[in-house]
Amino acid sequence: MPAVFIPTAMRELTSNEATVHIPGATLRELIDNLDAAYPGFKERVLDAANPHRLRPGMAAIVEGAPAAMGLRTKLEDGSEVHFLPAIA
């Protein structure tokens with residue numbers, strides 16, 4: 001299962017867990033499963049006007065690199081995923 005590192009500003013959704021393990025073969029599936037386990041997650045990371053994209057100012061980092069395929073980025077068992085909001 002991929003390990004998802006939760007940004008500090010979103011940890012209230014995960015009962016302050018910094019890392020959660022959620023199944024998902026793609027970034028899209030992972031986000032759907034995160035939202036099922038932690039309601040409200042999807043609205044924090046996906047663009048409300050275009051739910052097929054991440055919100056402006058939100059990045060998904062998979063295995064240390066930006067998710068080049070967007071929500072279609074493939075994940076493997078043991079993948080590390082970080083959601084990083086923009087820092088102003």
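Two strands pair if DSSP finds at least two bridges between them. I kept that rule at hand for the sheet.

**Entry 1: ground rules**

This is a predicted model, so I noted that local features need pLDDT of at least 70, that side-chain atom pairs count only at pLDDT 80 or more, and that totals for chains, interfaces and linings use all residues. Residues are numbered from 1 along each chain as its sequence is written, and side-chain values use heavy atoms, with hydrogens and water left out.

**Entry 2: the whole chain**

I began with the elements. The protein chain has two helices and five strands. Helices (H or I, at least four residues) and strands (E, at least two) are DSSP runs, numbered from the N terminus. Along the sequence I read the pattern β-β-α-α-β-β-β. The radius of gyration is 12 Å, close to the 12 Å that the globule rule gives for 88 residues, so the protein chain is as compact as a globular protein of that length. Here the radius is taken over C-alpha atoms, and the rule is 2.2 Å times the number of residues to the power 0.38. The C-alpha trace spans about 30 × 30 × 25 Å along its principal axes.

I looked up burial next. Of the 88 residues, 38% count as buried. Buried means under 20% relative accessible area, exposed over 50%, and partly exposed in between (1.4 Å probe, protein chains only). Then I looked up contacts, meaning heavy atoms within 4.5 Å. Among contacts between residues at least 6 apart in sequence, 46% join residues at least 24 apart.

Strands of a sheet pair through backbone hydrogen bonds, either parallel or antiparallel.

I went through the pairings. Strand 1 (residues 3-5) and strand 5 run parallel, joined by three bridges. Phenylalanine 5 stands opposite histidine 82 in strand 5.

Strand 3 pairs with strand 5 in the antiparallel sense over five bridges. Strand 3 also runs antiparallel to strand 4, with two bridges. Valine 62 stands opposite valine 81 in strand 5 and opposite alanine 65 in strand 4. Four of the five residues of strand 3 are buried, so strand 3 is largely enclosed by the rest of the structure.

**Entry 3: positive phi**

Most residues other than glycine have a negative phi, and most peptide bonds are trans. I looked for exceptions in phi. Strand 3 and strand 4 form a hairpin with two residues between them, and glutamate 63 in the turn has a positive phi of about 55 degrees. Serine 15 has a positive phi of about 55 degrees, and asparagine 16 has one of about 70 degrees. Serine 15 is in the loop between strand 1 and strand 2, and asparagine 16 is found in the loop between strand 1 and strand 2. Are serine 15 and asparagine 16 buried or exposed? Serine 15 is exposed at 64%, and asparagine 16 counts as exposed at 61%.

**Entry 4: the core**

I turned to the largest nonpolar core. Such a core is a set of buried Ala, Val, Leu, Ile, Met, Phe, Trp, Tyr and Cys residues joined through side-chain atoms within 4.5 Å. Of its 22 residues, Leu27, Leu30, Leu34 and Phe83 touch the most other members. Helix 1 (27-37), helix 2, strand 3 (58-62) and strand 5 each give two or more residues. Helix 1 gives the largest share, four residues.

Not counting residues up to four places away in sequence, its contacts include Ala60, Thr73, Val81 and Phe83. Thr73 lies in the loop between strand 4 (65-66) and strand 5 (80-85). At 10% relative accessibility, Thr73 counts as buried.

**Entry 5: an aromatic pair**

A search of the whole structure finds one aromatic pair. Rings of Phe, Tyr and Trp (its six-membered ring) pair if their centres lie within 6.5 Å; planes under 30 degrees apart count as stacked, over 60 as edge-to-face and the rest as tilted. Phenylalanine 41 lies in helix 2 (residues 41-45) and phenylalanine 83 in strand 5, so the pair ties together parts that are 42 residues apart in sequence. Phenylalanine 41 is buried at 0%, and phenylalanine 83 is buried at 1%.
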